[in-house]
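I opened my notebook to look up what links the strands and rings of this chain. My entries follow in the order I made them.

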Amino acid sequence: QVQLVESGGGLVQAGGSLRLSCAASGRTFTSYVMGWFRQAPGKEREFVAAISRGGSRTSYLYSVRGRFTITRDNAGKTVYLQMNSLKPEDTAVYYCAADADQPIYAVTEKASEYDYWGQGTQVTVSS
């Protein structure tokens, strides 16, 4: 089992940047594909980004490509989401998630395939 704790959310003006962190504890971190999802009020949770176990492959929601970057530090058991050029429509609660037992180069975009979730961190982008 793994425990996930997000941090780094906050209030930022449009065009600004934030870096979210997700610290993992428990089972070997390299066993997991890691992902970021978000949920805005009144909307369903949506995939934002994912990174393979070794960090060599990534996947992004189309609307964040070129603005967001997902990375991971396997030694430090942390995954990051660097968010640049933020827009008001990026406002949401952002969740970190871990997907166990995937091949080394896999990335996962479906929320239903993730096994563990953090508590979420609020990101608010003002116009």
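**Entry 1: the disulfide**

I looked up Cys22 and Cys96 and found that they form a disulfide, with sulfur atoms 2.1 Å apart. A disulfide here is a pair of cysteine sulfur atoms within 2.5 Å. The bond between the two sulfur atoms is covalent. The structure holds one disulfide. The pair links distant parts of the chain, as Cys22 is in strand β3 and Cys96 is in strand β9, 74 residues apart. I noted that strands are DSSP runs of E with at least two residues, numbered from the N terminus.

Which hand does this disulfide have? The torsion about the S-S bond of Cys22 and Cys96 is about -75 degrees, so the disulfide is left-handed.

Is Cys22 buried or exposed? Cys22 is buried, at a relative accessible area of 0%. Cys96 also has 0% relative accessibility and counts as buried. Buried means under 20% relative accessible area, exposed means over 50%, and partly exposed is in between (1.4 Å probe, protein chains only).

**Entry 2: ground rules**

I am reading a predicted model, in which local features need pLDDT of at least 70, side-chain atom pairs count only at pLDDT 80 or more, and totals for chains, interfaces and linings use all residues. Residues are numbered from 1 along each chain as its sequence is written, and side-chain values use heavy atoms, with hydrogens and water left out.

**Entry 3: strand β4 and its partners**

I went to strand β4, residues 32-39. Seven of its eight residues are buried. Strand β9 (residues 92-100) runs antiparallel to β4, and eight bridges join them. Two strands pair if DSSP finds at least two bridges between them. Val33 has Asp99 in β9 as its bridge partner.

I then checked strand β5, residues 46-51. Five bridges pair β5 with β4, in the antiparallel sense. Trp36 has Ala49 in β5 as its bridge partner. β4 and β5 form a hairpin with six residues between them. In that turn, Gly42 has a positive phi of about 75 degrees.

**Entry 4: strand β8 and its partners**

Why is strand β8 (residues 78-83) largely enclosed by the rest of the structure? Five of its six residues are buried, so the rest of the structure largely encloses it. Strand β3 (residues 18-26) runs antiparallel to β8, and six bridges join the two. Leu20 has Leu81 in β8 as its bridge partner.

Strand β7 (residues 68-73) also pairs with β8 in the antiparallel sense, over six bridges. Thr69 stands opposite Gln82 in β8. The hairpin of β7 and β8 has four residues between the strands, and Lys77 takes a positive phi near 55 degrees there.

**Entry 5: rings**

How many aromatic pairs does a search of the whole structure find? I noted five. Rings of Phe, Tyr and Trp (its six-membered ring) pair if their centres lie within 6.5 Å; planes under 30 degrees apart count as stacked, over 60 as edge-to-face and the rest as tilted.

One of the pairs is Phe37 and Phe47, with centres 5.7 Å apart and planes at 75 degrees, so this pair is edge-to-face. Both Phe37 and Phe47 are buried. Phe37 also pairs with Tyr114: their centres are 5.1 Å apart and their planes at 80 degrees, so this pair is edge-to-face. Phe37, Phe47, Tyr114 and Trp117 are linked into a cluster by ring pairs.

**Entry 6: charges over rings**

The charged end of Arg45 sits over the ring of Trp117, 4.6 Å from its centre. The rule I used asks for NZ of Lys or CZ of Arg within 6 Å of the ring centre and within 35 degrees of the ring normal. Arg72 lies over the face of Phe29, 4.5 Å from the ring centre.
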